[in-house]
Amino acid sequence: MNALNKVVENLIQANMTHSHSDIRVCPYCQKEVPKLEIEILGKKRFVQPVCKCEAEKAMEPIKRAEERKQEAELKRLFSIHDIGERFNESNFTNFIVRNGSEKCFKLAKKYVEEFDEWEGESLMFWGEPGNGKSHLATAVTNELTARGKRVVFISMPDLLEKIKATFNKNSVETESEIMKGLQMCDLLIIDDIGAEKVSDWVQEVIFRIVDGRYKKVKPIMATSNLEPKELAERIGKRAYDRLIEISQPIQNEATSYRREKAKARMERFKDL
C-alpha cells in the first residue's frame, strides 16, 4: 500500500460511523462530501470519504520528508552543483550583457521565471569559448536553487570522470547511484557538453543520461562550444536527437569576454 492510500484509509477509518447524518464539508475547498453506505460483516455502516484536498494536505509531511531525503542524496553525490568558486556568485545582475549575448540573457531570465511552465523543456546555449554561456547557466542554477528547485550543475568531462571513478572497487559511490541522482533533480545542467573525448563508452553514457531524463519528461540545460551539427557528431545521433527535442539551441554570438579582458590588460601595460 503506498503512502497516499494509507493516509486515505486512516482518514476513512477515523470517520466511520453508524449514522448517515452530518454531511461533512471539506475545510479546504468548502465542498460537501456525502457519506457512503457500506456493509461490513453483515452490518451496514456509513463511511465518511475524504475530499482530495484533505488527502493531499495529509500527504504534505510525507512529501516534504521525501524531498529532504532526495536533496540529501543529491548533496552527497554532487554537492548539489559543482560550480566552483568563480561562479558561486553568478547571477543575472552581474552578467555583462555584450553585443550578441542579449538573446541568451533574456531567455535565461525568462526560463527561470517560467520554469514550471516549460514542462520538461529547456535551453542549449552554444557559441565560442569564454562568451558567457557558463555564467548564464550558473546564474540559472543559483536563481532556481534559491527558489527551492533541486538543480545539478556539472561539466560533462567532470561527470564522466566521476562515473569512471566508480569503477574503482574502493569507491564510496556507484555508477547506478550517480545515474539515479541525475534523474532525480528538477533540472540537470550539463556545462561544456561535447568537450569530452569521444568513444563508444562516452556516447553510450551520454545517451543513458539524456534518455533517462527524456523518458521522465525532465529538463536538461546544456552549454557547448560546438555548433549543433558538430555536437551531434561528438555525442552521437541518438543522444543528440533526444537532447534537441527537449533543449532549444540558441547561439550566443558574443565574442570571448576572456580575450577582451586579456586585450584590455595588455593595453594597460603597453607603455610601461
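Biologist: How many helices and strands does the protein chain have?
Modeller: The protein chain has ten helices and ten strands, where helices (H or I, at least four residues) and strands (E, at least two) are DSSP runs numbered from the N terminus. This is a predicted model, in which local features need pLDDT of at least 70, side-chain atom pairs count only at pLDDT 80 or more, and totals for chains, interfaces and linings use all residues. Residues are numbered from 1 along each chain as its sequence is written, and side-chain values use heavy atoms, with hydrogens and water left out.

Biologist: And K133, where does that lie?
Modeller: K133 lies in helix 4, which covers residues 133-146.

Biologist: Is K133 buried or exposed?
Modeller: K133 is buried, meaning under 20% relative accessible area, whereas exposed is over 50% and partly exposed in between (1.4 Å probe, protein chains only).

Biologist: Which backbone oxygen lies 3.2 Å from a polar atom of the K133 side chain?
Modeller: That is the backbone oxygen of G127.

Biologist: Switching topic, at what angle do helix 5 and helix 7 cross?
Modeller: The axes of helix 5 (residues 156-165) and helix 7 (residues 200-215) cross at roughly 100° and come within 12 Å; axes are lines fitted to C-alpha atoms, for helices over the stretch in contact, with angles running from 0 to 180 degrees between N-to-C directions. That makes helix 5 roughly perpendicular to helix 7, the label for 65 to 115 degrees.

Notes
Lys, Arg positive; Asp, Glu negative; His and termini not counted. Salt bridge = Lys/Arg side-chain N within 4 Å of Asp/Glu carboxyl O. Polar contact = N/O pair within 3.5 Å; in protein donor to acceptor, adjacent residues only side chain to side chain. Parallel < 35°, antiparallel > 145°, perpendicular 65-115°, else oblique.
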